[in-house]
Every structure is written in structure tokens, then in C-alpha cells.
Amino acid sequence: MIKLDSKIPPGPLANKWSDYKSSLRLVNPANKKKLEIIVVGTGLAGASAASSLGELGYNVKVFCFQDSPRRAHSVAAQGGINAAKNYKNDGDSIYRLFVDMVKGGDYRAREANVYRAAEVSNSVIDHYTAIGVPFARDYGGLLDTRSFGGVQVSRTFYAKGQTGQQCLLGSYSALCRQISKGTVKMFPRRDMLDVVVVDGKARGIITRNLITGEIERHSAHAVVLATGGYGTVFYLSTLALGSNASAAWSAYKQGALFANPSFIQIHPTSIPVLNDYQSKLTLMSESLRNDGRVWVSKVEKDKRHPNDISEEERDYYLERRYPAFGNLVPRDVASRAAKERCDAGFGAGDTGLSVYLDFSQAIAKQGQKAIENKYGNLFEMYEKITGVNPYKEPMRIYPAGHYTMGGLWVDYNLMTTIPGLFAIGEANFSDHGANRLGASSLMQCAGDGFFIIPYTITDYLSDEIKTPKIPTDKDEFAVAEKRVRERIEKILNVNGAKTASSFHKRLGKILWDYCGMIRNAEGLKKGLELVDELEAEFWKSVKVTGTKDGLNQELEKALRVADFFEIGKLMCIDALNRDESCGAHFREEYQTPQGEAMRNDEKFAFVAAWEYKGSNSPELHKEELKYEFVQLKARDYK
Amino acid sequence: MDIKLKIWRQKDAADKGKFETYDLKEVSPEMSFLEMMDYLNSKLISEGKEPVAFDHDCREGICGSCGIYINGRPHGPERGTTTCELRMRFFKNNETIVVEPWRSRAFPVIKDLIVDRTSLDEIIKAGGFISVDTGSAKDANCIPIPKNNSDKAFDAAVCVGCGACVAACKNSSAMLFVAAKVAQMGLLPQGKVEASIRVQKMVEKMDELGFGFCSNILACEYDCPKHVSSEFIAKMNRDFFSSKVCKQKVI
């Protein structure tokens, strides 16, 4: 029987992390050299962790599926990275950032973790600046900030619309420095397919070399998963096409609990679906809402060109519904409001599934040059994809699957329920509750990697200094390798007629319709049934060309899709279990007469952590969320 | 629209490789180039043939994974565009499109259109970083940096590491890639400390890996999907020269 212990340290909120850090055990430099750590994933969390652990003197092995660690999907984050610097003298503080995150997450995140994320945010900005990340600056030469969705202070540091790229390249350069020093060994083009647990502790992973097809065993004293989220479960999403959940899912199947799988953020500002062949939805940064105004026509099914719709005929529905926050309401609120207008028949474009994001007033007021400076690359990107010039007419946007707040359950040490298996960044569940505020994912990923995991993993490893190098010829490695080989054989032997992508697309549609922005009990049950049927069909009729040896992209895809069915089902089960609306999880049955989310704190102020017991019957464990420092309130952006 | 594709097929690094021709009908002008390739692959799979392998990931022009030589140009005919951002509306009905991998001694072909670009990582490992350990940084606003310098550093930092500059160059030179990183770090006060050592080490590594010399044709700048300017190459030459003259030895 698993007992969840969040290991939140006692004491006042502001002192928890600093007191706890001083109490953690250390490992002396000579012993660090003898200890090995595996890090899977090279995004902001993984690359930051690997470089920091390398600097400390551990032997680190890093894995990514891309050809280079610089390509992880953190690279695509656009808008910015939050920190509680209060450089703008506008009343910001660590406490304020903490409160904004807890409130933004609709009171479903763990207080102590959120406070710590806010606390280390300042160090993240300092470190990135020191290693050469070219954040935007003002004419006085100091760092510039902007305000971002859902908050009233200006705390978001940015590098044009490419903040994620610049931060990732910062972490990547730190990683490269350690690789050149020999503390870190890099293994690119590897898919992690299983985790190896020896005597109850995570001791290694099984990977497939994506070039040779070889199944490899890698051992270590501890394993860190920084493998990102599972948003590609929707097929069309803002994520990279290679982003997948298989590593985290294999950990779940080996006993790590999976928390709040139904908490998936639907980002309000993505370029809408344009055609049936589309493989991806491109995000337009939320920062655009600082200067852009969102509207639809007041006339139903209005097919006129947006520039021909007069000011009086425009419905600035966010400003109308939420006068205090206007266009800057949090993502979940903005997404649902867009869906509400489109469902009511007021949507823009041929499909009626989009709304306008208009810059004409901002351009008139600030001049085109100022807008270009802030968002130049985004405007260019929009024009490339759609052929429309957003300086001349409004953009069309629609919500898209984006970020997963859910993930592997971890305690305050960022360790999963498998000792020695850690999860950081988007792969864990801990900091964003039921909805993530803009610009806090880069913040959390870098914070986890640079400033949290180096302390907590050292405490764990202080017990391992006498453990010699883990041999990979142990039975547990053989068993895990056999599991992987059998799964690959099974998928190759189906030999049906349909591509893995075609199944992925159908799965995405089911989940988008029944477990997307708005859910209800009946739909979720229906969704579950449909996924079950589709999964059965997949195992009867998927076609994977080629062999297991050598580079085989179809095999890679099929293995990932096979896991997405199971994740999709767990999402539906979790959403069905949570009889309330909170953050991104909106159940139709639980809303106020005005259509706002209705939480049920009495019954659902808990983290739903699921234990694998076969793919259709997971067991629920609850971690009660105790709010000692903030008072639970209905979120109000009016 | 209907198109004819002439695609380089190569089983693995040891295979000699050859062009294969495919007719593809009913291509939508709205498709991205890679969505067209997905469409081709789905047809090939349904005919029981092996799909064309190509690198891709973010599909929004920022990760630098994709890189296909299209009609004799890296990333195709449109300037300032990665392969994944390229749309089929830029091609004509019944056009024959020639599709090849990057060609450079430093980028060996792995399969079909996929090449090995780890040599670019090797160059960064040689010195493309600022040697500051986690935890030792002072407050970010301790060092004011003139906005112009900082903006210039950003202009250099936008490189996505796709390798188009190498593919475009008749000498397969990586000068633009290396110069962009040298400039980004060298323009910032944080990176000045190691500037001369950095430029020497990175240039040395670039030469060692089999990239060619620069002969100032500037095809790299023309075909760079991120508009990285060749003025950074001039800057790097200057930095390299002065680092040699000043006799600051590589430790």
C-alpha cells in the first residue's frame, strides 16, 4: 500500500526552503565522482539539472531523442520568464508571485512547492544573465520586463518573442561546457523506453538507439526524468511533433504515481486549424494580449472582412466580461470565453472557429516600430503561415492544447514514489495546480534544474556513497529489456494497413471533443469507450513499415501512440472522478449561473495521484492540500 | 495542385544512394512542405513502401531540426524560412521539386534526408559558453549593458543551429554559425573575459572537423532562415586576428 508523504518541511512559509536546504545532507567531492546520475531530456529542466550536477562533480549521463540537446521543445516558449525581482517598483515580491501562482492554479497546487518556485526565480534570472542570455534591456542598460496574463505587475523578463530559445541555449551552453569537461556524457537520438527498478530503487533505464535500433541498458545511482508533458496526446497541439510521454508513462507502469492527469492547459492564442492535413498548431505568444484586443462580431455568422466591421459592431467580450483584467485574464478563462463565443455562432473565419486579436489601436497609439520591436518575429511567423499581414488586419486565433499541469507525482524533494526516481519541469505535477500562469513554466523548469534538484538529489545520494557502480547484467535489467523487446516485436507484427499517425489523429479528436476545454460526465464516459475501441483497433490494424534494426521513424511514432491511448484513458478517468470545475478542468455540471468555474474545496482540495493497476483500473490515492498561508477564494477576474 | 518529387533515397551511411521520383496529386497549397512530405509518406506506407526519413520536430521554425535542400537551396526558395515554415503555395502546379539532404563532409548522411550535425555541437563544446557555475551569479542588474550591444548580441543569438549556412556554402564553411556564437558572447561584458580564448578554440575546432574556409560569397547569409548577418563573420575575423596578435595563449 502506497502512502503519500509530501515531505513538506515545517515552519513559516518564507523559511521552509532555506531551513530545509541547510538541513539536507551533503556528499563530499571525492564521493561525488563515484556516483552516477541519469538525466533524461535536455529541455530547460534537464539541461539545467545536468549542467549543475556536472558542475558539482557527479558523473552525469544525459539522453534526448533529438539529434542535439539544443532542440528540446523549451526552445519554442515565446513570451517570457517570471521572476519576483520587483525591478519595476510596482509592488511585486516573492510572496505576491506565490499568491498569483496559487490563485492562478485555482488552489490545487502545493503551497510550499509554489513558494519555493517563486523564491528561486530571482536566482534563475541572475544565472541566465551571467551565462550570456540576451534578455531585453532598457536604454539605461538594465533589464526590461513586461506584464503577462493573469497578473497585475510587470515581472516577466523576455528576449523578444524567443525567450524559451534564448534560455534553452543558455542551459545548453552550460551543458556543453560540462560535456567538454567530461563530467557529463551526452547520448542524443535515444528514446527512453523503460525504467529499471532494483530492490525498490530506480537504478537505470532502457533506451533505443534511434540510429542503430540497438536496445541499450544504462545504469546509475539515481534517475532524473525531465521529459516534458503529454500535450501531444491531442495530436494537434502547440508541442513539437516528437514530444511524447513514453518515458514518464513507463515510470508510471513501474510504480510511480501519476498526478492530476486531466489538468491540461488549453492555450487561448494559437493560429487556428486551417486544413485537414495540418500536423501542428503554432502558438502566438500570450504576451500579444498586452497590446492586442480580442473581439468577435456582434453579428452572428458574420463573414465580412474584419476591417469592414465597424467599432460599434465589435464585441470585445473579454473586456466586457472581465473589466478588471480585460484581455489579460488567465489562459483557461480566455480559452473558454473564446469557445463560448464560437459555439454561440459568433466565431470568425470560414470555420467559425476563431476570434480576432487586433493590434490596430496599439499600432495607432505606439507606432508600428514599437509593436515590431516587441513582437516582430511573431508577426512574421503569423504572416508566413497564414499569408495575412497582421499589421494591416487582425490575427485570427483559437485555443489549442498546450501545457500539462498534471504529471508524475513528486514530493518536496521532487522524487516520485519510486525511490531514486526524480521528475522535474513539466514532467512533474507540483507547481501549477489546475492551471499555469503565463511565463511560469520556464521559471519552474530552470528553477527545478539549477537550484532545487542539486540539493535534494545530493541528500538522497548521501545514502548511496557505499553503493558501487550498478552493473547492467542484473536480472532486473534483463527483465526490463525483455519487456521493451516484446513490445517492439508486438507492434511490428500487427502488420495492418493504417498508419500510426492516422490513429493518433483520431485519438486526438476524441480527447479534444470529450476531454478538452469543457467536459461532462456523459461525454467522458463516451470518450473512454471510444478510446478503448480505437486502441483495440490499433493493435489489430496498425502498419509499421521497416524493421526494428536501424532508423525507423514509423516504429518510434507507433510506440508513442500506443502509450497515448493509455494516457488518454487516465485523463478521462481523472476528469470523471473530479466532480468540480477548477482551473483548466471545466465540468459543465459545475458552473455558476454566469458560466464561471465552481470549485468544491470541501471534497476536492486534493491531488489525485493514480497508481497503475492495469490500463483500465488505476487506483486513486489522495494527497490532501492544506492551505496554511493563503485563504481559498473563488477566482475573480472581474 | 499536382507535383513531381525527385527525392534522394539512401538506406544508411554506407549506401551509395540515388534519386527516386514520385508523383503526388492533390497537394493543397496551404500545406507546409513537411505536411506534404507526411502526405507522401502516408501514401508510401499504404503501398507497403518505406517512407522517406527526414528530421523535424517543432514545426514552427525555432528548433532547427528540419533542414532539406529544396531545388538547390537550403530550406527552399523562400528567404528567411525554415523547411517546416515553407508552404506549398510557393510552388507551381506540375512543378518538379528536387529534394536532397544537406551536403557537407562534416554532415554525413544517416538515412535519406537525415544528416549527422553533431559537429555543430562539437564546436559549441569547444568554447561556445561563458564559464560561470550555477550559484555564483550576482544580481542581474549589477552589470548595465548598453541596449545597442545587448540588441546586437540578441541578433547573433537567434541562430537555430540548423546548418543551412554550411549547406549553402560551396566550401561547406561553418563561419556564420561560429561567428554568431562568438559575437553573442563577445558583445556582452560577461563573455568578454574569455573572448580571445573562445574565438581561438572554436575556430580551431571548426577547422579540425572538416568545415571549409570562407571565401566571402555570403550564400550563408542569404540562405540563413534567421537572417543572421555576415557582419559577424567580419567581427570574428577581427577578434581572431587580434587574439593571435595579442598572443593570449589557449590554456
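Domain bounds here come from an automatic or database domain assignment. For chain B, that assignment gives domain 1 (3-111) and domain 2 (117-245). Before going further, note that this is a predicted model, in which local features need pLDDT of at least 70, side-chain atom pairs count only at pLDDT 80 or more, and totals for chains, interfaces and linings use all residues. Residues are numbered from 1 along each chain as its sequence is written, chains are lettered from A in the order in which they are written, and side-chain values use heavy atoms, with hydrogens and water left out.

Let's stay with chain B. The C-alpha centres of its domain 1 and domain 2 lie 29 Å apart. Each domain brings 22 residues to the contact, where contact means heavy atoms within 4.5 Å. About 1,700 Å² is buried between domain 1 and domain 2 of chain B, with carbon and sulfur atoms giving 53% of this area; buried area is the accessible area (1.4 Å probe) that two parts lose on being put together, summed over both. On the side of domain 1 of chain B, Arg79(B), Ala106(B) and Phe107(B) lose the most area to domain 2 of chain B, together 31% of what that side buries.

Charged pairs also cross this interface: the rule finds two salt bridges between domain 1 and domain 2 of chain B, each a side-chain nitrogen of Lys or Arg within 4 Å of a carboxyl oxygen of Asp or Glu. Elsewhere in the text of chain B, Asp55(B) forms a salt bridge with Arg117(B), their closest N and O atoms being 3.6 Å apart.

Now turn to chain A, whose assignment gives domain 1 (13-263 + 405-461), domain 2 (268-401) and domain 3 (482-597). The centres of domain 1 and domain 3 of chain A, taken over C-alpha atoms, are separated by 26 Å. Their contact takes 36 residues from domain 1 of chain A and 39 residues from domain 3 of chain A. The area buried between these two domains is about 3,200 Å², and carbon and sulfur atoms give 60% of it. Four salt bridges are found across the interface of domain 1 and domain 3 of chain A. Glu566(A) forms a salt bridge with Lys253(A), with the closest N and O atoms 3.0 Å apart.

Glu20(B) is partly exposed, with a relative accessible area of 29%; partly exposed lies between buried, under 20%, and exposed, over 50% (1.4 Å probe, protein chains only). Leaving aside neighbours within four places in sequence, Glu20(B) is in contact with Leu5(B), Lys6(B), Ile7(B) and Arg9(B).
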